[in-house]
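Work through the exercises below with the sequence and the model at hand. Each task is followed by a solution in steps.

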Amino acid sequence: MGQDISKMLDGLVLAFQNLHRINNPTLEAIAPANDKENKVEAAQKAQQEAEERLRRGVQPVVLPTPEEVVAAKARVQYQDSLFHFAVAGIAGSGKSSLVNALRGLRNSDTSAAPTGAVETTATIGRYRDSNRRLPFVWYDIPGAGTLNQLGWQYFNNQGLFVFDCIIVLVGDRFTQTDIAILENCRRFQIPTYIVRSKADFRIRNLMNDMGYDSDDSDDESQYETMYNAARERYISDTQATVQQNLGDAMLPVQKVYLVSNKVLLSAVKKRVLPKTALDEMELLKNLLEEACARRCVAPEDEA
């Protein structure tokens, strides 16, 4: 499995090095929408969508102004030659730890994003990938609850429209912030990845709920049986909950990636995938491949 991870990551590194990068298609699409000749048509379409959202009790999607785009790009130190990935979600959902794992860093490492039991991110954190051959920047986005702002304001206020991909880190249930991010990303055609982290802790808690007690049992076979049962229950329960939440929000079906930060760190840093792995490899593969497909072209294909 280590060879598979190395082959995949090495192949992507070569792709990002050899292919030319084009501009962020979302930002390219926002610009003409703000042109005078398109404003009438855009306004009519926006009004229709806003009325439909209000009918459903969902807050409207607001197109950022050119000034807001410029300000957002400056705030995150946006560079056309780099790929910008945001990890967003409510306060206390574990965004900083996930950013660290994706960069191949432990929370205790010097250059890691700060973490804590209380939300520690008050401003957007910007972190270059630990593999400097990859033109990636990871962003730790403040939780909506920290800033006393409504979910529907969170997307534009944080300038999430400038990012190439957005990881939406969800908890036990969807919040209005989660829904607002997914709604806006769908409107702006920004790839999203719904992720639920801390899988190892959640599976262990399920084992305890199912009656497993490590102090009373040294039977390895019993542990394995209980672990596998808790793992399958965690997977099925989470998938059902996420799809129900998407349906309630009138959003299309979308995969939820179940990950352990410990496993993700091992995959990125050591290129080793433990047997407890869930969706870590698939998340890395899909995230990087989509980034490449969205903004990389062969030199002969570049307009």
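Predicted model: local features only at pLDDT ≥ 70, side-chain atom pairs only at ≥ 80, totals over all residues.

**Exercise 1. Find where confidence is lowest and where it is highest.**

Step 1. The protein chain has a mean pLDDT of 82, and 81% of its residues reach 70 or more. Here pLDDT is the predictor's confidence in each residue, from 0 to 100.

Step 2. The lowest confidence in the protein chain belongs to helix 3 (residues 36-56), with a mean of 52, and the highest to strand 7 (residues 256-258), at 97.

**Exercise 2. Describe the place of Phe174.**

Step 1. Phe174 belongs to the loop between strand 5 and helix 7.

Step 2. Phe174 is buried because its relative accessibility is 11%.

Step 3. The C-alpha atoms of Phe174 and Ala249 are 9.4 Å apart, and 75 residues separate the two along the chain.

**Exercise 3. Count the salt bridges and examine three of them.**

Step 1. A salt bridge is a side-chain nitrogen of Lys or Arg within 4 Å of a carboxyl oxygen of Asp or Glu. The count by this rule is six.

Step 2. Take Arg295 and Asp164, a salt bridge whose closest N and O atoms are 3.2 Å apart. This pair links distant parts of the chain, 131 residues apart: Arg295 is in helix 11 (residues 280-295), and Asp164 is in the loop between helix 6 (151-157) and strand 5 (165-169). Arg295 is buried at a relative accessible area of 0%, and Asp164 is buried at 1%.

Step 3. Take Glu282 and Lys255, where the closest N and O atoms of the salt bridge are 3.6 Å apart. Glu282 is in helix 11 and Lys255 in the loop between helix 9 and strand 7, so this pair ties together parts that are 27 residues apart in sequence. Glu282 is partly exposed at 34%, and Lys255 is partly exposed at 31%.

Step 4. Take Lys285 and Glu289, joined by a salt bridge of 3.2 Å, N to O. The two are about one helical turn apart because they are four residues apart in helix 11. Lys285 is partly exposed at 34%, as is Glu289 at 35%.

**Exercise 4. Decide how covered helix 5 is, and look at what follows.**

Step 1. In helix 5 (residues 95-102), eight of its eight residues are buried. Among them are Lys95, Leu98, Val99 and Leu102.

Step 2. Gly104 follows helix 5 and has a positive phi, near 75 degrees.

**Exercise 5. Which residues have a positive phi although they are not glycines?**

Step 1. Most residues other than glycine have a negative phi.

Step 2. Gln189 has a positive phi of about 55 degrees and is not a glycine. Gln189 lies in the loop between helix 7 (176-188) and strand 6 (192-196), and it is exposed at 65% relative accessibility.

Step 3. Lys198 is not a glycine either, and its phi is positive, about 60 degrees. Lys198 lies in the loop between strand 6 and helix 8 (199-209), and it is partly exposed at 31% relative accessibility.

Notes:
Residues numbered from 1 in each chain as written. Heavy atoms only, no water. Buried < 20%, exposed > 50% of the residue type's maximum accessible area, 1.4 Å probe, protein only.
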